[in-house]
Amino acid sequence: MAKDKKNDFKNLSYDEMVAKRNELKKSYMDLRFQAVMSHVENPMQKRTMRRDIARLNTLIHQQDLAKFRAAAAEAIAAKN
């Protein structure tokens, strides 16, 4: 199932990934609050949410680096 999630996230655009990450972060905080205040039906859901957030952070970071490298290469090419 994790491979499916990776592929689902890879098909998203940059803005969609950022929005999805923010949505998951909010859901994770709500779940943490719920766990403290009362019983949570599936405690493993916290782990999967954390991992999904980490996957999205990794993909977002990779795209940021790719943009930065492309801009740097373009600047170097323009200088020469």
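Predicted model: local features only at pLDDT ≥ 70, side-chain atom pairs only at ≥ 80, totals over all residues.

Me: How many helices and strands does the protein chain have?

Reply: Three helices and zero strands. From the N terminus on, the order is α-α-α.

Me: And what box do the C-alpha atoms fill?

Reply: Roughly 65 × 25 × 15 Å, taken along the principal axes. The radius of gyration is 17 Å, whereas a compact globule of 80 residues would be near 12 Å.

Me: What share of the residues is buried?

Reply: 16% of the 80 residues count as buried.

Me: OK, the core. Which residues make up the largest nonpolar one?

Reply: Eleven residues: F9, M17, L24, Y28, L31, V40, M49, I53, L56, L59 and I60. Two elements, α2 (14-37) and α3 (44-79), each give two or more residues to this core. The most come from α3, which supplies five.

Me: Pick I60. What does I60 touch, leaving out residues up to four places away in sequence?

Reply: Y14, M17, V18 and R21. Of these, M17 is listed with I60 in the largest nonpolar core.

Me: What about contacts across the whole chain? How much comes from residues 24 or more positions apart?

Reply: 69% of the contacts with a separation of 6 or more.

Me: Switching to L12. Where is L12 found?

Reply: In the loop between α1 (2-10) and α2.

Me: Why does L12 count as partly exposed?

Reply: Because its relative accessibility is 24%. Buried would need under 20%, and exposed over 50%.

Me: How far is L12 from I53, C-alpha to C-alpha?

Reply: 14 Å. Along the chain, L12 and I53 are 41 residues apart. I53 is one of the residues in the largest nonpolar core.

Me: Last topic, the surface. What does the accessible surface of the protein chain come to?

Reply: About 6400 Å². Carbon and sulfur atoms account for 54% of that surface.

Me: And the charges? How many positive and how many negative?

Reply: The protein chain has 17 positive and 10 negative charges. Their mean positions lie 8 Å apart.

Methods:
Residues numbered from 1 in each chain as written. Heavy atoms only, no water. Core = buried A, V, L, I, M, F, W, Y, C linked by side-chain atoms within 4.5 Å. Buried < 20%, exposed > 50% of the residue type's maximum accessible area, 1.4 Å probe, protein only. Helix = DSSP H or I, 4+ residues; strand = E, 2+ residues; numbered from the N terminus. Contact = heavy atoms within 4.5 Å. Rg over C-alpha atoms; globule rule 2.2 N^0.38 Å. Areas by Shrake-Rupley, 256 points an atom, 1.4 Å probe, with all protein chains shown as cover. Lys, Arg positive; Asp, Glu negative; His and termini not counted. Charge placed at Lys NZ, Arg CZ, Asp CG, Glu CD.
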